[in-house]
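Dear colleague,

Please find below the sequence and structure that I am handing over to you. I would be grateful if you could read the notes that accompany them.

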Amino acid sequence: MPKVVVFDHPLIKHKLTFIRDKNTGSKEFRELVTEVSLLMGYEVTRDFTLEEIEIETPLAKMTSEVISGKKVGLIPILRAGLGMVDGMLRLIPTAKVGHIGLYRDPETLKPVEYYCKLPQDIHERELIVLDPMLATGGSAVAAIDFLKEKGATSIRLVCLIAAPEGVDAVITAHPDVDIYVASVDEKLNEHAYIVPGLGDAGDRLFGTK
């Protein structure tokens, strides 16, 4: 079974409160999403393998640990996933960034792909899919489907807020993918929005509504 990690760190809970607040403007919203993404990144990368190397400090030689050959790819789902990239890149500045563009058809609620640009060696990379909202799970499942079709073998999904329905959908479709979220909320409403949620993450990030 995949891991479903729900963060309980006080700083993440504190910042998530202001991300949810409807009175938080786009500038502050973007900054908070970046900060929470960085904080979540520590746990997302916790099980990266280490190896020992020899270095020399100003005082002596020693053996110390570095990440063992991990190549990372960050894959934001456009457009809201872009808001989580900078925080992750602060932790993993050598990561390559791919993009998958999906939108939800307002009538069928099914994801429709409109853009995809990925690192050529995704089969060699630890991929971290980024999307602030895991609602029905349709976009996340479609993005992971596409990555696997392109050869990806190691994928993690990182979201700010999830609905139980979305978590279940990803687990059912992709039981090999670990899920990391800052909160699992109560439910989806009749329009497939997460309740209580935070509204439309893309609109709030980019000030388009």
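The notes that follow describe what was found, topic by topic.

This is a predicted model, in which local features need pLDDT of at least 70 and side-chain atom pairs count only at pLDDT 80 or more, while totals for chains, interfaces and linings use all residues. Residues are numbered from 1 along each chain as its sequence is written, and side-chain values use heavy atoms, with hydrogens and water left out.

Backbone features

Most residues other than glycine have a negative phi, and most peptide bonds are trans. The following places depart from that pattern. A cis peptide bond, with omega of about 5 degrees, joins Leu 78 to Arg 79. Arg 79 sits in the loop between strand 4 (72–78) and helix 3 (85–91); helices (H or I, at least four residues) and strands (E, at least two) are DSSP runs, numbered from the N terminus. The bond from Val 195 to Pro 196 is also cis, and its omega is near 0 degrees. Pro 196 belongs to the loop between strand 13 (194–195) and helix 6 (201–206). Ala 192, in the loop between strand 12 (187–188) and strand 13, has a positive phi, near 65 degrees. Ala 192 has a relative accessible area of 6% and is therefore buried; buried means under 20% relative accessible area, exposed over 50%, and partly exposed in between (1.4 Å probe, protein chains only).

The loop that holds Arg 79 also holds Gly 81. Gly 81 is buried, because its relative accessible area is 0%. Leaving out residues up to four places away in sequence, Gly 81 touches Pro 76, Leu 130, Asp 131 and Pro 132, where contact means heavy atoms within 4.5 Å.

Nonpolar cores

In soluble globular proteins, nonpolar side chains tend to be buried together. A nonpolar core is a set of buried Ala, Val, Leu, Ile, Met, Phe, Trp, Tyr and Cys residues joined through side-chain atoms within 4.5 Å. The largest one here has 35 residues, and those with the most contacts inside it are Ile 19, Met 40, Ile 128, Leu 130, Val 158 and Leu 160. Among the elements that each supply at least two residues of this core are helix 1 (10–20), strand 8 (126–130) and strand 10 (154–162). Helix 2 gives the most to this core, with six residues. Apart from it lies another core, of 26 residues, among them Ile 100, Leu 147, Leu 157 and Val 177.

Charged residues

How many salt bridges does a search of the whole structure find? The search finds 13, a salt bridge being a side-chain nitrogen of Lys or Arg within 4 Å of a carboxyl oxygen of Asp or Glu.

One of them joins Lys 3 and Asp 47, whose closest N and O atoms are 3.7 Å apart. This pair links distant parts of the chain, 44 residues apart: Lys 3 is in the segment before strand 1 (4–6), and Asp 47 is in the loop between helix 2 and strand 2 (50–56). Lys 3 is partly exposed, at 36% relative accessible area, and Asp 47 is partly exposed at 40%.

Arg 156 and Glu 126 form another salt bridge (2.7 Å, N to O). It too links distant parts of the chain, from Arg 156 in strand 10 to Glu 126 in strand 8, 30 residues apart. Arg 156 counts as buried at 6%, and Glu 126 is buried at 7%. Salt bridges that share partners join Lys 3, Asp 47, Glu 126, Arg 156 and Asp 178 into one network.

Arg 204, in helix 6, is buried but has no salt bridge; the nearest side chain of opposite charge, that of Asp 21, is 6.1 Å away.

Yours sincerely

Conventions:
Lys and Arg count as positive and Asp and Glu as negative; His and the chain ends are not counted.
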